[in-house]
Amino acid sequence: MEINQGVSQGSVLGLLLFLLYINDLPVNIHNANLVMFADDINVLISDSDERLLQTKIDKVVAELETWFNRNDLVINAGKTGVMLFHNRQTQVLVKPLVTFNNMNGDYTAEIKFLGIQIMDKIKWHSHVQLLAGKLCKVAFMIKSVKEVLSPNLI
């Protein structure tokens, strides 16, 4: 199989080359904040006016489409989510339309962001439950081995 572009997935060189490849993305996107970590890109757009927010979203999406097409990159729609942050008291009447390459983005109430479960209502109970489950497993493992191993090893 002939490979015309790219590097093997999971390699250290691959990550470094990818970071160099996408280094100019923030310079090409206006009216949004980008949070980039490894191969994850998060786009944050805000406005208190719904119409202005929709206009910003449309412009940012157009800039993203142009940049991705120019750089021969494809968005993985299965790993892409749209979230509208709001507080508990705010009723969300209209969710802005987010369309990328003629596909509507799916809104989600919860998403994992750099290992943290983020919720659209800015609550933490989902992340706390996730951590509690992990801590219970670790506590059980420690309790299970404490009778077998010396305290210095635990």
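This is a predicted model: local features need pLDDT of at least 70, side-chain atom pairs count only at pLDDT 80 or more; totals for chains, interfaces and linings use all residues.
Residues are numbered from 1 along each chain as its sequence is written, and side-chain values use heavy atoms, leaving out hydrogens and water.

Start with α3 itself, residues 50-70. Helices (H or I, at least four residues) and strands (E, at least two) are DSSP runs, numbered from the N terminus. From first C-alpha to last, α3 reaches 30 Å, close to the 30 Å expected for its 21 residues (1.5 Å times one less than the number of residues).

Now look at which side chains are tucked away. Leu53, Ile57, Val60, Val61, Leu64, Trp67 and Phe68 are buried (under 20% relative accessible area, 1.4 Å probe, protein chains only). Seen down the axis of α3, these buried residues fall within an arc of 130°, so they line one face of the helix; the arc is that of the directions from the helix axis to the C-beta atoms.

Towards the end of the list come the rings, which pair if their centres lie within 6.5 Å and count as edge-to-face with planes over 60 degrees apart. By this rule there are 2 aromatic pairs. Trp67 and Phe68 pair edge-to-face, 5.3 Å centre to centre with 80° between the planes. Phe68 also pairs edge-to-face with Phe100, at 6.1 Å and 90°.

Definitions and conventions
Buried means under 20% relative accessible area, exposed over 50%, partly exposed in between (1.4 Å probe, protein chains only). Rings of Phe, Tyr and Trp (its six-membered ring) pair if their centres lie within 6.5 Å; planes under 30 degrees apart count as stacked, over 60 as edge-to-face and the rest as tilted.
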